[in-house]
Amino acid sequence: MEPLSLQDLHHLAMNHVGKELEKQGFEFIAINSQLKKHPQFVCVDKPTNTLHFVMVQAVTYPDNPAEYDVVFMETFISHAKEKKAKVLFAGVGFANAEDFEKPILKNQDYILHYEGIKEIL
């Protein structure tokens, strides 16, 4: 069996976060699903018409999905401030369901660790 690539995991994370954004009533302006291209979602909060930049990060066990690159985030925040946008972060962790130490394989169960969307700015 073939292991899932980082791009595969990123797509899974994007789908998960995108569904949550939809449930929260966000309207999507742009979606970028390429790895390391930020923001992944540019969306608007309909009631307030506020622009949001959403960064999605997919990691594998033992990395912590809630941690992000602080130096990169400062650059990201600077860009958001220029556009008068809020910054949201969604970290999604993945692990092999049978053995956390093994890679996640295609067509095999996995565990998802997700603590929701956090407002950074």
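Colleague: Is Gln-57 buried or exposed?

Modeller: This is a predicted model. The relative accessible area of Gln-57 is 19%. A residue counts as buried under 20%. Gln-57 is therefore buried.

Colleague: Which residues is Gln-57 in contact with, leaving aside its neighbours within four places in sequence?

Modeller: Start with where the residue sits: Gln-57 lies in strand E3, which covers residues 50-60. With the neighbours within four places left out, its contacts are Asn-64, Pro-65, Glu-67, Tyr-68, Phe-89, Ala-90, Gly-91 and Val-92.

Colleague: In what order do the elements of the protein run from the N terminus on?

Modeller: The protein has two helices and six strands. Read from the N terminus, their order is α-β-β-β-α-β-β-β.

Colleague: Why is the protein said to be as compact as a globular protein of that length?

Modeller: For 121 residues the globule rule gives 14 Å. The protein comes close to that value, so it is as compact as a globular protein of that length. Its radius of gyration is 15 Å.

Colleague: What share of the residues in the protein is buried?

Modeller: The cut-off is again a relative accessible area under 20%. Of the 121 residues in the protein, the buried ones make up 34%.

Methods: Residues numbered from 1 in each chain as written. Predicted model: local features only at pLDDT ≥ 70, side-chain atom pairs only at ≥ 80, totals over all residues. Heavy atoms only, no water. Helix = DSSP H or I, 4+ residues; strand = E, 2+ residues; numbered from the N terminus. Buried < 20%, exposed > 50% of the residue type's maximum accessible area, 1.4 Å probe, protein only. Contact = heavy atoms within 4.5 Å. Rg over C-alpha atoms; globule rule 2.2 N^0.38 Å.
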